[in-house]
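Please read it with the structure open.

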Amino acid sequence: MNEIALLIAATLAAGTPLALAGLGLLVNERAGVVNLGAEGMMAIAAVTGFAAAFLTGSEWVGFAAGAVAGAAAASIFGWLALWLYTNQYATGLALSLFGAGFSAFVGTGFVGKNLERTAVAGIPGLRDLPFLGPALFRQHALVYLAIAIMAAIAWFFYRTRAGLVLRSVGESPESAHALGYPVRSIRMAAVLAGGALCGVSGAYLSIVYAPMWVEGMIAGRGWIALALTVFATWRPARVLLGAYLFGGVTMLQLHLQGRGVQVPLQFMSMLPYLSTVVVLVLISRDPLWIRLNMPASLGKTFHPGS
Amino acid sequence: MIRLEARPAPSRLWGVLSPVVAIALTVVVAAALFALLGKDPVRGLEIFLVKPWSGARALTELGLKATPLILCAVGLGLAFRANVWNIGAEGQFLVGGILGGGLALVVTANQIPMSRWAFFPMLVLAGAVGGMIWAGIAAFLRDRFNANEILVSLMLVYVADLFLSWLVFGPWKDPKGFNFPQTMNFADGTGVPRLVAGMRLHWGFVLALLAAVGMWIFVYRTYRGMQLLVGGPAPAAARYAGFSSRQALWSTFLVSGGLAGVAGALEVAGPMGQLTPHVSQGYGFAAIIVAFVGRLDPLGAVLAALVLATFSIGGELAQSRLGLPSAITGVFQGVLLLSLLGCDTLIQYRPRWGRR
């Protein structure tokens with residue numbers, strides 16, 4: 001019983017960075033923008049957040065620094081893709097490559113430094129419940145914040161006028177433009193918000209999850225988060241669910257090892273990547289289903305003059 | 001107030017000028033970064049850009065670094081032109097390296113008498129097969145199940161990396177290697193024939209140049225090459241003309257994967273001489289930048305590969321001579337690609353001053 005509770009707890013902890021990044025990318029994509037730079041933004045935010053937390057001693061300063069760094073990295077992408085009309089795929093890819101190099105360069109001085117693990121408070125009252133306490137209520141605050149952000153995004157998308165405008169920009173930027181909405185500014189706002197969330201995700205990885213900085217520590221989570229939005233057919237709650245599913249896969253390897261299952265470590269570590277491929281295959285099998293759910297202008301450059 | 005106005009036709013001038021301006025911008029950023037870090041920018045740039053070109057040994061090292069970049073980028077250029085987004089060349093490189101290294105290991109372990117020239121074609125074939133298998137998975141999943149090839153090819157990079165790690169930590173580990181995660185050193189007969197006596201530069205460089213020339217002929221002088229070229233910018237027209245997009249997907253994935261695999265095999269059997277967990281130094285990803293800077297043109301890729309090879313060696317020199325982290329290479333690579341994309345805007349658009 002206790003083992004299962006710990007497995008659930010570990011799943012939530014491992015799924016949270018994917019959820020945060022996936023939700024950020026969801027906001028991007030609902031506005032019609034694909035940012036393949038997620039991996040790079042997360043890397044830049046991870047090192048910035050770690051540095052800020054290390055120097056100030058406050059993890060929340062670290063998360064804020066991560067959010068700012070993620071948004072700053074996203075602004076490079078947004079400026080190029082939205083105002084200079086560059087190809088979104090190539091630009092995002094460039095940001096990922098730049099982020100890998102930049103984070104390694106900036107982070108050289110922080111390799112080997114350790115943050116003190118702060119005790120997790122959990123939710124008072126609920127944290128001492130049998131089974132449910134250790135499983136659900138002894139998590140880092142960001143785990144709960146991710147759920148709240150999911151709810152907030154769902155409310156924003158489906159219950160507010162601004163959310164409707166954002167989605168219309170993603171479906172038909174020409175119509176939104178004709179109605180007088182500033183398509184590029186709206187998309188830029190979405191790109192910055194997405195970058196900030198990816199940034200918090202990266203900072204969570206280096207400050208809470210690892211907690212340390214090493215080059216390449218994002219380890220493909222940005223790309224998996226991109227796959228998550230497809231898996232979730234661009235719906236907020238499903239992004240969260242998918243993130244926990246992937247978190248569970250990550251944790252399964254540790255669990256199996258604990259059980260003494262004799263599979264080499266490397267094959268276990270392949271699981272998240274292989275499951276991403278499997279999930280993409282399963283979800284993409286029906287092109288019509290994807291086309292019905294995908295924001296119609298996703299990845300397409302919008303030029304207001306034409 | 002500057003606004004961008006679409007040109008009636010793409011500017012040929014800016015198509016050529018854009019990479020040059022982007023490289024110049026990157027050099028400016030580099031100088032500024034050196035100054036910011038308290039280094040003399042002139043000396044910094046000298047070490048970064050001039051030293052890699054100074055002397056015969058330096059030039060052969062430059063060619064050695066450029067070889068995998070050329071091989072990968074020539075294939076990627078073809079794929080990107082056909083609008084096929086294979087960004088997993090790094091994984092295809094690794095699997096090519098694993099198969100090529102495995103072959104060398106078999107020869108070494110069984111003490112099979114072998115000469116370098118006899119082994120060379122086998123090595124190239126093994127690398128090509130390895131790269132094609134890995135690229136073929138992504139092509140198959142795209143073709144059969146419509147799975148996004150960007151994400152699939154990238155996920156397979158991590159899988160290949162872990163697979164290599166398992167091999168060198170496990171079954172292929174050198175029993176006499178003091179438990180280091182590496183294979184035994186390959187026999188001399190499995191090396192790649194040297195181009196210049198006493199230097200590490202090998203015939204793979206010539207092979208890479210031949211691949212570039214061959215690709216240039218294929219793309220610009222054959223009907224099949226033209227089919228692939230049309231499919232990228234104008235898929236509807238290509239369909240109307242009866243050109244198969246499935247064929248474009250498969251052929252570009254297999255060609256780019258095969259070339260990346262050859263690059264991996266040459267790297268493992270050439271300068272490395274054994275398999276370790278760190279076979280690639282990000283060649284497959286750097287090759288994406290090479291392909292774009294080289295205008296997705298095979299001969300352009302050769303020039304761009306020399307630029308990126310300069311950056312790469314310059315980064316190593318910056319580490320040993322200036323005490324800067326060698327990761328600075330990655331920063332400049334990223335800046336180069338981002339500035340290039342920005343400059344490329346001028347190919348399609350003309351800046352106009354003032355309000356409409």
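1. Ground rules. This is a predicted model; local features need pLDDT of at least 70, side-chain atom pairs count only at pLDDT 80 or more, and totals for chains, interfaces and linings use all residues. Residues are numbered from 1 along each chain as its sequence is written, while chains are lettered from A and ligands numbered from 1 in the order in which they are written.

2. Make-up of chain A. Chain A has 13 helices and zero strands. Helices (H or I, at least four residues) and strands (E, at least two) are DSSP runs, numbered from the N terminus.

3. Overall form. The radius of gyration of chain A, taken over C-alpha atoms, is 19 Å. The globule rule (2.2 Å times the number of residues to the power 0.38) also gives 19 Å for 306 residues, so chain A is as compact as a globular protein of that length. Its C-alpha atoms fill a box of roughly 60 × 45 × 40 Å along the principal axes.

4. Burial. In chain A, 51% of the 306 residues are buried (20 or more other C-beta atoms within 10 Å of the residue's own, with C-beta atoms placed from the backbone).

5. The contact with chain B. Chain B brings 42 residues and chain A brings 41. Two residues are in contact if their C-beta atoms, placed from the backbone, lie within 7 Å. On the side of chain B that touches chain A, α13(B) gives the most, with 13 residues.

Methods
Buried ≥ 20, exposed ≤ 12 C-beta atoms within 10 Å, placed from the backbone.
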